[in-house]
Amino acid sequence: MAASRAAVTSLTVPTNEVSDSNPSNRSRSVFNGATICSAEDSSESEINFDSISERLSLSAHSRRYTVTEAATNDYVGIFRVDELDWKNRSVRIGLDITSKKRGQHFSYDIYFYFLDYFFNQCGLHRVYLATLKTNKQAQGLYEKIGFTIEGQSRDALFRNGHFQDLVW
């Protein structure tokens, strides 16, 4: 599934709710009740990022951001940035929300924040992601924020004892 600049031009970030619209300028940003901070700079996460941070700090193409709820400082999840390609102005993204925080609209807000950043601050042309073909809830969210299905990879992942398809 991919979104291009044209697909998301109608999205705007309420500037009164964003403390810093550029995550690379600060290690933490607050958006719609969620705090987003770079995994390399985070000591607050429930997950140990030492080995991930060490690997990613050497990579010009991948980053991880922890997300915590601003009001409670509760851990929400990890936002993934992979295959960052400045020449072709594209990036692959993903989000993992902890089961306790699912269904609370964090995903929409986090994707909204990062899409604005990638298109309007970084000047990227294409943002893409992949999800299980059976994950209709995620597909609905992605379509709502401007992504369209471009294709399918058959038997791409082995989960729960059998191979599953990915849509992208």
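Author: In this predicted model, Tyr111 touches Phe79, Ile93, Gly94, Leu95, Leu129, Leu141, Tyr142 and Ile145, when residues up to four places away in sequence are left out of the count. Tyr111 also belongs to the largest nonpolar core, a set of 28 residues in which Tyr111 is listed with Phe79, Ile93, Ile110, Phe118 and Phe147 as having the most contacts inside the core. At least two residues of this core come from each of strand S4 (63–69), strand S5 (75–85), strand S6 (90–97), helix H2 (106–121) and helix H3 (136–144), and among these contributors H2 gives the most, with nine residues. As a general matter, nonpolar side chains in soluble globular proteins tend to be buried together.

The side chain of Glu69 makes a polar contact with the side chain of Thr72, at 3.3 Å.

The loop between S4 and S5 contains Asn73, whose phi is positive, about 65°, although Asn73 is not a glycine; with a relative accessible area of 42%, Asn73 is partly exposed. A positive phi, about 50°, is found in another residue that is not a glycine, Asp155, which lies in strand S9 (residues 152–159) and, at 42% relative accessibility, counts as partly exposed.

Technical notes: Residues are numbered from 1 along each chain as its sequence is written. This is a predicted model: local features need pLDDT of at least 70, side-chain atom pairs count only at pLDDT 80 or more; totals for chains, interfaces and linings use all residues. Side-chain values use heavy atoms; hydrogens and water are left out. A nonpolar core is a set of buried Ala, Val, Leu, Ile, Met, Phe, Trp, Tyr and Cys residues joined through side-chain atoms within 4.5 Å. Buried means under 20% relative accessible area, exposed over 50%, partly exposed in between (1.4 Å probe, protein chains only). Helices (H or I, at least four residues) and strands (E, at least two) are DSSP runs, numbered from the N terminus. Contact means heavy atoms within 4.5 Å. A polar contact is a pair of N or O atoms within 3.5 Å; within protein, one must be able to donate a hydrogen and the other to accept it, and residues adjacent in sequence count only if both atoms are side-chain atoms.
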